[in-house]
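The following exercises concern the packing of a protein chain. Please work through each task with the structure at hand before reading its solution.

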Amino acid sequence: MIARGMIHGRFQPFHNGHFEYLKGAAARSDELFVGITNPDPERIRPEPADPLRHLPESNPYSYVERLLMVKAAAADAEIAAGRLHVIPFPVNEPELWPPYVPPDVVHFI
């Protein structure tokens with residue numbers, strides 16, 4: 001078991017694949033960070049691998065709505081609230097990561 005693990009995603013919406021990702025990381029971590037990517041719609045960048053991903057219609061849920069989805073899923077998975085941290089995560093800007101997550105966190109992909 002690792003001390004701190006992290007998963008991240010857009011969660012537009014949070015679906016069954018995300019639920020399995022969450023449970024798998026929680027089973028391997030004492031403390032779990034869940035990074036919600038693209039928290040600020042004004043900072044979403046186009047991605048060549050997925051040309052529709054940045055469009056508003058591909059991102060219908062706000063950060064708060066996604067945070068509530070993640071917390072509800074974690075409760076359904078019986079992940080204790082005290083070991084869960086749901087945070088904004090600027091995935092496309094790695095230079096901004098240090099203030100968001102501890103340096104020893106293990107990123108699950």
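**Exercise 1.** Determine which residues Val 70 touches, leaving out those up to four places away in sequence.

*Solution.* With contact taken as heavy atoms within 4.5 Å, Val 70 touches Phe 11, Phe 14, Val 34, Ile 36 and Val 86.

The model is predicted: local features need pLDDT of at least 70, side-chain atom pairs count only at pLDDT 80 or more, and totals for chains, interfaces and linings use all residues. Residues are numbered from 1 along each chain as its sequence is written, and side-chain values use heavy atoms, with hydrogens and water left out.

**Exercise 2.** Identify the buried residues of helix H2 (63–76) and state how they are arranged around the axis.

*Solution.* Step 1: buried (under 20% relative accessible area, 1.4 Å probe, protein chains only) applies to Tyr 63, Arg 66, Leu 67, Val 70, Ala 73 and Ala 74 in H2. Step 2: these residues lie on the same side of H2, because they cover an arc of only 130 degrees around the axis; the arc is that of the directions from the helix axis to the C-beta atoms. Step 3: on the other side of H2, Leu 68, Ala 75 and Asp 76 are exposed (over 50% relative accessible area). Step 4: the cover over the buried residues of H2 includes H1, E2 and E3.

**Exercise 3.** Is Glu 93 buried or exposed, and with which residues is Glu 93 in contact beyond four places in sequence?

*Solution.* Step 1: Glu 93 counts as buried because its relative accessibility is 9%. Step 2: beyond its sequence neighbours within four places, Glu 93 is in contact with Arg 43 and Arg 45.

Note on methods. Helix = DSSP H or I, 4+ residues; strand = E, 2+ residues; numbered from the N terminus.
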